[in-house]
Every structure is written in structure tokens, then in C-alpha cells.
Amino acid sequence: MSPAASAPLSSAIEDMLAEVSLQAPWELTERFAQMPRCLPEDVNRACDLLAQRLQAHGVPVAVLMTRLYLSIPLRAAVSLGAQTLRAKPSSFSLGVPEGLEAELVYVPATYSASISTLFQRNTQPQAPAPERLCGRIVVSEGYATPAKMREFELAGAAGVIAINPGVDVHWGICTTIWGAPELDDLARKPRIPVVAVNHPDGQELIAAAAAGRAVRLSTELEEGWFDQKLPVAHIPGTDPGQDFVLLHGHYDSWDMGVGDNATGDATLLEIARVLWKHRAQLRRSVRIAWWPGHSTGRYAGSTWFADHFAAEIDEHCVAQINCDSPGCRWATEYRNVSWMAETESFAQSTIAAVAGLAAQGERPHRAGDYAFNNIGVSSLMMLSSTMPEALRQEKNYYTVGGCGGNIAWHTENDTLEVADPQIMLQDIRVYMSLVAGIANAPVLPFDWRALTREFAATLERYQGLLGADYSLAATQAQLGLLESALDQAYARMAAGRLQPAAANAMIRRLARVLVPINHTLGPRFSHDAASAMPALPSLALASCWSGCPPEHKGFALTQLKRGDNKLQGAFRQALREVHATLAS
Ligand SMILES: [Zn+2]
């Protein structure tokens, strides 16, 4: 793959890049490598250090006090006869300090071959019938991913043991509830104990299940509301408007969490320092936020921010950039990077210009600190650089969800050796150029035609699956109208015949319509569950159409019709935005 055409960087961005140094970020990485950042009091202590470092560089920082609902895993054990296996409780699973004993049942599942399928179920067809799970402790391969745990719970499982792929046991979280639960979400809170064990111990449990043996699980967690500090640096741009780019990452971690995410915190620190120093060369404002409650609260910090600054985000946020796990050893490629279609060409050309690398991205998973999809914000990046696939195979590494592919992810091994200063330097330069590139663009560098092309492909795929049962022709025609209006708008932008202010307002407002319709099912200002979110989710029933039993067809068609109406409504609204801009 050769690099995408790289747009030359502006002299302002070149000046900022020339200022980037490893001194401040590496010092913070080394300090965080000594500071566990999982317990709420430790997280607040880390915030104090971060705020102190920002202030030392003259960067004004507001430390917001949040109240977050968290589940702190304390200890777990699995007793198999006289043997006690090492285990970690999954955040938000039920604590059973007094222990729970039940017969084992094995549900075979495959491990994800890549990050693209990490959040899928991966259960095998030979899995036992759901009624076999009732009252038993399920043992199954994989991480304790939320949708899968929910299915086991709904099938009546008494508990779950997730067999992690290697010799380490990974921390994780198993609730599907995004951020602090609403009153109406409480019914979805996990009500069974869930633990993770390593692969060798998992093999013993599979054998025990085959022999019809029982195990005893005991887990301890502390769940409740905690006061957590959320630092935000506001770098004002020269533009008198209030539009801003949001750059963010989490600063709480499992244990020391160096590659996930001390390196990200350090990256944001250096960008804050440099942007503050060069703020006279910044057009739009930049807000840089470090989130608490990411690990133990299912993105509780970023979700709190989305809830409490909803109006400002809705009116003025032009893009959000997530920074997780940059600067890790061996991570020399940008592959499986998350970005929304409209931001792809900008992200690729920027990475090509800064790093000389071809970057390959994918539709963002319903994960990371993407707490802004329901409001509707154009988004790019989540995880950062990653190790080449060949190297991963050579090392016999399994798929993990961070740390640049290092399997130290979410374990005690995520220590200073996982960070690499030279790779961190490159990632800082990449993120710096992305954030400054958006902040300084006279017209926001987002191409909605890329998204309408994606929509056309999705509709074609869904139509193929629906066959003669349901026609998407009217929706496709509606999309065609939107595409030609966008063609006109972008042609006028390219010819300089559209006022930048009008173009920017259109680009920002389209995000409020087209991001939610492609990434959410719930209303704006709510938060969809943390489970797989297919493209154009209101029509996603098409994906399982062939498996729909005849007696359900009428209900399925009703659901499809309503989903289709919702989608067409969004296309009409987007079209009105573009027409209004063309008429201005
Ligand atoms: Zn992370």
C-alpha cells in the first residue's frame, strides 16, 4: 500500500511540529508508570499531577468535579475442588464475596483474529442449547465482552468464566450500559458474577465441564458513585466564533496502564503545551480533555462531559479526536484505525504527510470514548499506531484492544517497557497535525460525499439480503438527491463560490443528522448501549433476514418500515441543510 496523496502541511503546523519535544511527555509517562490509576483516589491523584504539569507550562486547565458511577474490581477466585485458579472479576459484574457454586457448562467460542471482530460474539455453532446454561456457570473462550455476557445472563446462566487467550488474565468490563446508568437502564445492569481466567486454567475448566463438575466462584467489587476529577485545557483560537475541536483520552487505567493510556495522556500534554504556545497560529479553539472512569465506568468520564456540555458540543464542536494507546513499542503502522467516512481522506493525507505512511481505517466500533455519536460529531482516531501483522504473528500474539497490539494490554505487564519514545514522538506529531489541521482549515476538511458513498454501498448490501421482501428503492432515490446536492455544494466550495462560514455551518450541521443515523439507534443526547452497532442500524435487521422465521416476518417488516422511515427522514433533513446552504 503506498501512502495516500499527502497534502502539504501549513507553515503554522510546521512551526508547531518543530516545537514538539519528548521532554514533558516522557517525564509524565515515567511518572504515570509508577502510579496505579484504577482506584478512584489514585485517579484523582493522577489528575493533580497532570494539572500541575499543565500549569507548569502555563496552560490554563479547568479541573471539573464529576460524580461517576463506577465498579472497581477488587479480587476474584475460582475454586475447582481443592485447587484455586487465578481470576479477575469483570467490572460491573455481580460481587459474590460469600461465593457461588454451580455445575460448569462449556460454550465453545473462537478468539477474534483481529480487532475488527473483537466485539463480536464468536460463539460456535456447536454451542449447547440455551436451556443447558440455566443455573450453570458458563465457561467460554474470549474476553468478557458485554453483549455476550448479557446473552448468557438472559439464558439463565448463574455465572460466567471467560477464558482469556494467553497466560495472562486481562481486566475488563461487562456492562452494556454506556456511562452512568439512567434509572431506566438499571434493568440492564449485569446480575451475575463474571470472571476472567487464563488459557491454561481455562483448559482445566473445560475438562471439568465435560466431567460434569462444579466450581465455586467468589468475587469482590466496589460499585457506587465516586467524585472524580476531569481536567480540561482550553486553547483559544483567533477566530471570534466559539467552534472548537475536542481532543481527548482517558487517564484512568487498569493498574499502571502505560501503553493504555499513560502514553496517550503524555501525547495530549505535549499537544496542549505546544498549542498553547502557538495559540496565535490557531484559528478555531481546541479543548483537550483527560477522562476518568473510562475503565471502571464504561467511558463514564467522557459520557459525563457529553451530558454536561451537550449544548456547547451540539452548537460548536466541529470534530472529536480520541487518543488511546499511542507510542507503544513496535507500533509502526496505522492499521484498523477508527474514523468516520467523512474524515477518512483528511486523516489519511495528514498521516501520509507527517509520517510518510499509508493509513488504513475502519468504521468506529461502539467503544472507546466515542460518547458523542448520539449528539452527532464527526470523529476520528481511537486506538493509534499498531504493530505490523507479520510481527504480531511472529510473536504469536493474540488480538488485544489497545497498547499498539502488545498483549500487556489490561494486565499488570503494561509497564514502562511497553512505551517507545520514538514511536510516541511520531504519534504526537500525527495527533498534533490532525487537531491543528482541523482547527486551522478555512473550510472543515470533511467530505460528506464519502459517507453518502458508504450509505449507497450499505443500502445495496441490505437490498441484496432483503430480496423481493422489501424494496429500498425510495430510500436509494432519496440518497441520490442528497448526493447530487452535495456534489453541487462541494463543487462550489472548490471554486470558492461558497462562503466558508456557510460551508462550515453546513458541514457541522450535517454531522448532527448523518452521524446519529449511521451510529446510533436511540435518540440524540442519550447513549446507545456498548454493543456492536452495524452500519445504518435502523435497517440492520436486513443482515439476519434469511434466518427470520416465517411467523416473525410481519413483525420484522414492521420494524424495517419504521427504520426505513427514520432513515429517509434523516436524508430529507440533510438535503434541506444542503439546499439552504446552496440558496444562501
Ligand atoms: Zn484505553
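User: Which residues of H7 are buried?

Analyst: The model is a predicted one, and burial here means under 20% relative accessible area. Seven of the nine residues of helix H7, which spans residues 300–308, are buried, so this helix is largely enclosed by the rest of the structure. The buried residues of H7 are Ala-300, Gly-301, Ser-302, Thr-303, Trp-304, Phe-305 and Ala-306.

User: What covers the buried residues of H7?

Analyst: The cover includes both strands and a helix. Among the elements that provide it are strand E1 (61–80), strand E7 (214–235), strand E8 (244–250), strand E9 (285–291) and helix H8 (310–316).

User: Is H2 roughly parallel or roughly antiparallel to H3?

Analyst: Helix H2 (residues 23–32) packs with helix H3 (residues 40–56) at an angle of about 165°, and their axes lie 12 Å apart. Since angles over 145 degrees count as roughly antiparallel, H2 is, relative to H3, roughly antiparallel.

User: How many residues of the contact of H2 with H3 are charged?

Analyst: On the H2 side the contact involves Glu-27, Leu-28, Arg-31 and Phe-32, which meet Ala-46, Leu-49, Leu-50 and Arg-53 in H3. These residues divide into five nonpolar, no polar and, as charged residues, three.

User: Which residues touch the most other members of the largest nonpolar core?

Analyst: The largest nonpolar core holds 138 residues, and another core of 19 residues, including Ala-76, Leu-80, Leu-85 and Val-197, lies apart from it. Within the largest core, the residues that touch the most other members are Leu-275, Ile-288, Ile-321, Ile-438, Trp-448 and Leu-514.

Notes
Residues are numbered from 1 along each chain as its sequence is written. This is a predicted model: local features need pLDDT of at least 70, side-chain atom pairs count only at pLDDT 80 or more; totals for chains, interfaces and linings use all residues. Side-chain values use heavy atoms; hydrogens and water are left out. Axes are lines fitted to C-alpha atoms, for helices over the stretch in contact, and angles run from 0 to 180 degrees between N-to-C directions. Helices (H or I, at least four residues) and strands (E, at least two) are DSSP runs, numbered from the N terminus. Angles under 35 degrees count as roughly parallel, over 145 as roughly antiparallel, 65 to 115 as roughly perpendicular and the rest as oblique. Contact means heavy atoms within 4.5 Å. Ala, Val, Leu, Ile, Met, Phe, Trp, Tyr, Cys and Pro count as nonpolar, Asp, Glu, Lys and Arg as charged, and the others, Gly among them, as polar. A nonpolar core is a set of buried Ala, Val, Leu, Ile, Met, Phe, Trp, Tyr and Cys residues joined through side-chain atoms within 4.5 Å. Buried means under 20% relative accessible area, exposed over 50%, partly exposed in between (1.4 Å probe, protein chains only).
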